[in-house]
Amino acid sequence: MKKHTGIITIVIIVPILFFCLLLCFFLYETTPITSKKDERINRIEVPSGMKIRTLADILEKQQLIRNGQIFYLAARYPILGKIAGCRTIGLESGIYEIKSSMNTAEIFKLVSSGKRNYIRVSLPEGLTISKIAQRLESADICSSSDFISAAKDSTLIAKYNISEKSFEGYLFPDTYFFTPGLDAPDIIDIMVKNFFKHVDKVPTLKVLSQEDFKQTVILASIIEREYRIDSEAPLIASVFRNRMKRNMGLYSCATIEYILTEIEGKPHPDVITYKDLKIDSPYNTYKWAAIPPGPISNPGMVALLAAAEPAQTGYYYFRLIDPDTGRHAFTADFDEHIKEGTFYHIQK
């Protein structure tokens, strides 16, 4: 009788012990692989349609979880997931920052949340397409060449009824949150929509004809590169508008810089020389009275408003008088303008 009791005890106890060992093993394999102190953070992309097993393999290979098979079983069988404290997993496409200090339940929650990881990029006023492209590439969002190609895509440009050869001038400066690997056309789409969203809030911009709007954007792109104090932007705009009415040249060094850096691909000049002022280019506002054929930068709202609503003045000239603050002096008289040395920044 005692022998049978011992056998029965073994038959009952051994499976229970084995089950407990399996359970402990299972629970251990769902714990974090490192402490918070030693955590690593990897950016994991979950494309639409990714399988749980594929994600499990990636996480194990990158040493973000202990066991890919356990991760898969916890996701595949809800009862096992509940034992590990996991919610039901539903993969949402996106890019996530997964830490090696996260347990399986925390990873399940994150990749099911749809809370994608974004990269914050600040694109200030006055950047050109090429400079925006460099910033996007530096932030690992898209390649510079892809962005420049998309910015000159005639099909994309036609979509917005823009009569330009590129999106120069129409990429709104702002702080954006992009996902790494975002397609360049999608980035363009976001920035151009942002531009028109802001333009639509300004009645004086909304009512302009297509041609007048184009000229306003071009003028704003020049103003953007000339002003540093917001309150002076409408005054600078008034100088340019007054010159245009009298068929005078705009005489903007910003357009010469654009020719040198963006068209000729040279480094940014320390000074503008008299030789530079003679460059034969339609963007040379020292050589031609007309405004350039296209924008020379991507202006913000201060410059756009100034171009659309210039101050009413009799000014025809302005010059920088305080390089530290960017303050200008304005005058209607050429003799007064030149007596202080108008071309201090132009070198023979």
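The legends below describe close-up views of a predicted model.

Numbering starts at 1 along each chain as its sequence is written. In this predicted model, local features need pLDDT of at least 70 and side-chain atom pairs count only at pLDDT 80 or more, while totals for chains, interfaces and linings use all residues; side-chain values use heavy atoms, with hydrogens and water left out.

**View 1. His328 in strand β7.**
His328 sits in strand β7, residues 327–331. Strands are DSSP runs of E with at least two residues, helices are runs of H or I with at least four, and both are numbered from the N terminus. His328 is buried, at a relative accessible area of 10%. Buried means under 20% relative accessible area, exposed over 50%, and partly exposed in between, with a 1.4 Å probe and protein chains only. The side chains of His328 and Glu232 are joined by a polar contact of 2.8 Å. A polar contact is a pair of N or O atoms within 3.5 Å; within protein, one must be able to donate a hydrogen and the other to accept it, and residues adjacent in sequence count only if both atoms are side-chain atoms. A polar atom of the His328 side chain also lies 3.1 Å from the backbone oxygen of Gly326. Leaving out residues up to four places away in sequence, His328 touches Glu226, Glu232, Ile236, Phe318, Arg319, Leu320 and Ile321. Contact means heavy atoms within 4.5 Å.

**View 2. Asn242 in helix α12.**
Helix α12 spans residues 233–245 and holds Asn242. With a relative accessible area of 10%, Asn242 is buried. Its side chain reaches the backbone oxygen of Tyr315 at 2.8 Å. Beyond four places in sequence, Asn242 touches Thr313, Gly314, Tyr315 and Tyr316.

**View 3. The nonpolar cores.**
The largest nonpolar core has 68 residues. Such a core is a set of buried Ala, Val, Leu, Ile, Met, Phe, Trp, Tyr and Cys residues joined through side-chain atoms within 4.5 Å. Phe147, Phe167 and Ile223 have the most contacts inside the largest core. Setting aside neighbours within four places in sequence, the contacts of Phe167 include Ile129, Ala150, Leu156, Ile188 and Asn298. A second, separate core has 25 residues, among them Ala56, Ile89, Tyr96 and Phe108.

**View 4. Helix α14 and its cover.**
Helix α14 covers residues 301–308. Met301, Ala303, Leu304, Ala306 and Ala307 are buried there. Among the elements covering these buried residues are α9 (184–199), α10 (203–206), α11 (210–226) and α12.

**View 5. The second largest pocket.**
This pocket holds about 410 Å³ of space. Of its 15 lining residues, Lys152, Ser166, Glu168, Tyr258 and Tyr283 are the closest to its centre. The elements giving two or more residues to the lining are α6 (129–138) and α13. Helix α13 gives the largest share, 3 residues. By class, the lining has 7 nonpolar, 3 polar and 5 charged residues. Ala, Val, Leu, Ile, Met, Phe, Trp, Tyr, Cys and Pro count as nonpolar, Asp, Glu, Lys and Arg as charged, and the others, Gly among them, as polar. On a 1 Å grid over the protein atoms alone, a pocket is an open set of points where a 1.4 Å probe fits, with protein on both sides within 12 Å along at least five of seven lines; lining residues have an atom within 4 Å of a point. Grid points are joined across faces, edges and corners, and the volume is the space filled by probe spheres set on the points.

**View 6. Positive phi at two loop residues.**
Asn161 lies in the loop between α8 (154–159) and β4 (174–178). Its phi is near 55°, a positive value in a residue other than glycine. Asn161 is exposed, at 57% relative accessible area. Tyr251 lies in the loop between α12 and α13 (253–263). Phi of Tyr251 is near 50°, also positive in a residue other than glycine. Tyr251 is partly exposed, at 44%.

**View 7. Arg87 in a loop.**
Arg87 lies between α4 (78–83) and β2 (94–99), in the loop. Arg87 is partly exposed, with a relative accessible area of 45%. Not counting residues up to four places away in sequence, Arg87 touches Phe108, Lys109 and Ser112. Arg87 and Asp140 are 53 residues apart in sequence and 33 Å apart in space, C-alpha to C-alpha.
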